[in-house]
Amino acid sequence: EAYIGQANACTGQIDLLEGKVEEAAQAYREALDLFAAMGSREDVAMMRLRLADIYPRLGDVDAAQKVLTQAHATPGAGADTTIVLAESHVERSPDEALTLVQEVRSKDPQLKHALVVEGAAQRRLGAFKEARDALGSRLVDDPANTGALKEMAKLELDLGNSEAAIDALTK
């Protein structure tokens, strides 16, 4: 069963590369079912993350959210799973996104990617100073970080600083 699950996961990746999104989703679902039957928590979490990536492409954001929530609840799910879940909440529920990011950062304050999600959530909550601090911290370590630069530009636009927004996008 493990080999069949791995084969399905690989088939899903190939289908995705070929633009066959529905076929990839089906292969990932089959792999998920096999890994779940085997009790392979790490593989289950990985398949759920892959499905969460595919569902929005199929127009099903709710399914992506559900799969991410399941992945997050899987024992052994890592910080990356929580960050992906937080990212998915930024637009709909920035307060939930912020709670998830703070959960991750309390365990691993050095996780740099979390700063971008934190900044995005803070901006949507109107906490502009906190958003600037989080995004600025990320840009100190990686001045060319595209995600942080985009969020910083949006922050500047929210504050009415169009020149600073353009500057952030042209770095």
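**Charged side chains and their surroundings**

A: Arginine 124 is partly exposed, with a relative accessible area of 23%; buried stands for under 20%, exposed for over 50%, and partly exposed for values in between (1.4 Å probe, protein chains only). The model is predicted, so local features need pLDDT of at least 70 and side-chain atom pairs count only at pLDDT 80 or more, whereas totals for chains, interfaces and linings use all residues. Residues are numbered from 1 along each chain as its sequence is written, and side-chain values use heavy atoms, with hydrogens and water left out.

The side chain of arginine 124 forms a salt bridge with that of glutamate 151, at 3.2 Å from N to O; the term requires a side-chain nitrogen of Lys or Arg within 4 Å of a carboxyl oxygen of Asp or Glu. This pair links distant parts of the chain, since arginine 124 belongs to helix H7 and glutamate 151 to helix H9 (residues 146–158), 27 residues apart. Helices are DSSP runs (H or I, at least four residues), numbered from the N terminus, and strands are runs of E of at least two residues. Glutamate 151 counts as buried, at 8% relative accessibility. Both residues belong to a network of salt bridges that also includes Glu91, Arg123, Lys154 and Asp158.

In the whole structure, 13 salt bridges are found. One of them joins arginine 138 and aspartate 142 at 3.8 Å, N to O. In that pair, arginine 138 is buried, with a relative accessible area of 13%, while aspartate 142 is partly exposed at 27%. Glutamate 18 and lysine 20 form another salt bridge, at 3.1 Å from N to O. Here glutamate 18 is partly exposed at 49%, and lysine 20 is partly exposed at 36%. Side chains of opposite charge can pair when their charged atoms come close.

Not counting residues up to four places away in sequence, arginine 48 touches Leu32, Val67, Gln70, Ala71 and Thr74, where contact means heavy atoms within 4.5 Å. Valine 44 also lies in helix H3 and is buried at 7% relative accessibility. With the neighbours within four places in sequence left aside, valine 44 is in contact with Leu32, Phe35 and Ala36.

For the chain as a whole, there are 19 positive and 29 negative charges, and their mean positions are 2 Å apart. Lys and Arg count as positive and Asp and Glu as negative, without His and the chain ends; each charge is placed at NZ of Lys, CZ of Arg, CG of Asp or CD of Glu. The protein chain has 171 residues, of which 42% count as buried. Its secondary structure comprises ten helices and zero strands.
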